[in-house]
Amino acid sequence: MSSGRPMRKSPAGRQRRILSAAVALVLAASLGASAPAAYADDLEDQQAALKAEAARVQESLEFVDAKISKAAGDLVIYRGQLPAAQQALLEAQGRVASAVKEVEALAARVDLAQQNKAKITQQLDADKQKMASTKKLIGQIATQAYKSGGVPSDLTLFFGSNNTGSLTDTMDMADQALRSQNSAMDKLTQQNATNVNSQARLQAVEAEIKDLKAKADAALVKEKAARDEAAAKKAKVDKLIADTTRLNNELEAARPGIQKKLAGVKARQDAVAAEIKERDRKLREAWLAEQRRIAAAAAAAAKAKGEQPAPYVPPVAGPPSAFGLRHPFPDSVPITSGFGWRSTPPGTIDFYGTGGYMHTGIDFGAACGTPVYAAAAGTVFSAGWADDGGGNNVKISHGVVQGNSLTTIYYHNTSVVVSVGQQVSQGQLIAYSGTTGNSTGCHSHFETWLNGEAVDPMRLL
């Protein structure tokens, strides 16, 4: 919720420089200012800090125009969110790249495993052929041995010759044939062992391929999710940039209106301040005149009695607390913004070019429609709509008490239930709070003017 009243400046000669600097600073801040320092560790803290920063910006700008201050506050939010959104996009794009690498790596592993499977399958086929040939050879040896009574008669099965020699030669050849048979059996055993091992390897490779394909499918799903996430992050960044550009354009287009609004509001506020100052000056002069009249009457009465009248001594002003002001709201309604200097938030718009402005009252966080009560008895001299930025207002003169004059003002009301010239008592209902005038949220702005100058209401309440 924003405050309702701007700083009141007396030197009118600075107005044109203020107007030009203000608009230039609006545009410069919206186009190039760095994001506010709202980088808490926790995301919720970041958002809360950004919202608080935006609220401070709106408070410093709302005397110009509620829409303009809202736009400037939104710019703070957008600029503050953009770095994190861009970082999130970079991280999402990094996850896409990682997912792509994972898919590619798994695809390469699947391809390598497929090649390994092909080699093992080829080896198995070759081993089967060798085993078949060996089995055939063993079968032929066994058949010949059976027919020859244990020794093959046709040794050319091994040596490729039909010539016969001596018995010794024949025995030697038989011995060689037996050794060949034993060798073939050993070879068959080895080939069988190799075949069993190759089968086991093939099963392992096929299981690996199945697992890798499952991982590859999961990696593809992960890659798609990463791409979808990156697309969403990019859309958010694009929207933030588009919204910032749009608000920049709005502020640029509003530049002449801002200047005109500033000049008009400042002039009307100065007129209100001058009116209060003059009214209170006359009230104090009238009070002093009455004190002199009373003193003169007392002196004349003393003189008539033959007494020496005391010399006239101008009365000394008493404490402002003598007015006995009460809060215009119940205790349950909090004060949301105090009286005094408001520094322009870092990285935002320094509208006056002085680092901030003077908040001439206090804000109560009253919901729209909350009853507003007179802080003291007095005479209403302004009631209803005013074009000084305060919307529906009530201004009450409380006269002079112990040499001090006091005026109270109640701004941004939804409605007013008193009229000009009406005498009101302390605690009397005078209005219902709202958000009229230059205001961006339901609240009540309360001012106290002591002897023609705005002072902190907390000094008097």
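Colleague: Which ring does the charged end of Arg279 sit over?

Modeller: First, this is a predicted model, where local features need pLDDT of at least 70, side-chain atom pairs count only at pLDDT 80 or more, and totals for chains, interfaces and linings use all residues. Residues are numbered from 1 along each chain as its sequence is written, and side-chain values use heavy atoms, with hydrogens and water left out. A charge sits over a ring if NZ of Lys or CZ of Arg is within 6 Å of the ring centre and within 35 degrees of the ring normal. Here the charged end of Arg279 is 4.0 Å from the centre of the ring of Phe381.

Colleague: How many aromatic pairs does a search of the whole structure find?

Modeller: Rings of Phe, Tyr and Trp (its six-membered ring) pair if their centres lie within 6.5 Å; planes under 30 degrees apart are stacked, over 60 edge-to-face, and the rest tilted. Searching everything that way, the number of aromatic pairs is three.

Colleague: What is the angle between the planes of Phe329 and Phe364?

Modeller: Their rings are 5.2 Å centre to centre. The pair counts as tilted, with the planes at 50°.

Colleague: Where is Phe364, and where is its partner Phe329?

Modeller: Helices (H or I, at least four residues) and strands (E, at least two) are DSSP runs, numbered from the N terminus. The pair links distant parts of the chain, 35 residues apart. Phe329 is in the loop between helix H5 (167–304) and strand S1 (335–337), while Phe364 is in strand S4.

Colleague: Are Phe329 and Phe364 buried or exposed?

Modeller: With a 1.4 Å probe and protein chains only, under 20% relative accessible area is buried, over 50% is exposed, and in between is partly exposed. By that rule, both Phe329 and Phe364 are buried.

Colleague: Why is the pair of Tyr410 and Phe446 called tilted?

Modeller: The centres of these two rings are 5.2 Å apart. The pair is tilted because the planes are at 40°.

Colleague: Which strand holds Phe446?

Modeller: Tyr410 is in strand S8, and its partner lies 36 residues away. So, going by the DSSP numbering, Phe446 is in strand S11.

Colleague: Which cysteine forms a disulfide with Cys368?

Modeller: A disulfide is a pair of cysteine sulfur atoms within 2.5 Å, and the search finds one. The sulfur atoms of this one are 1.8 Å apart, and the link is left-handed, with -90° about the S-S bond. The partner of Cys368 is Cys442.

Colleague: How many residues apart in sequence are the parts that this pair ties together?

Modeller: Cys368 lies in the loop between S4 and strand S5, and Cys442 in the loop between strand S10 and S11.
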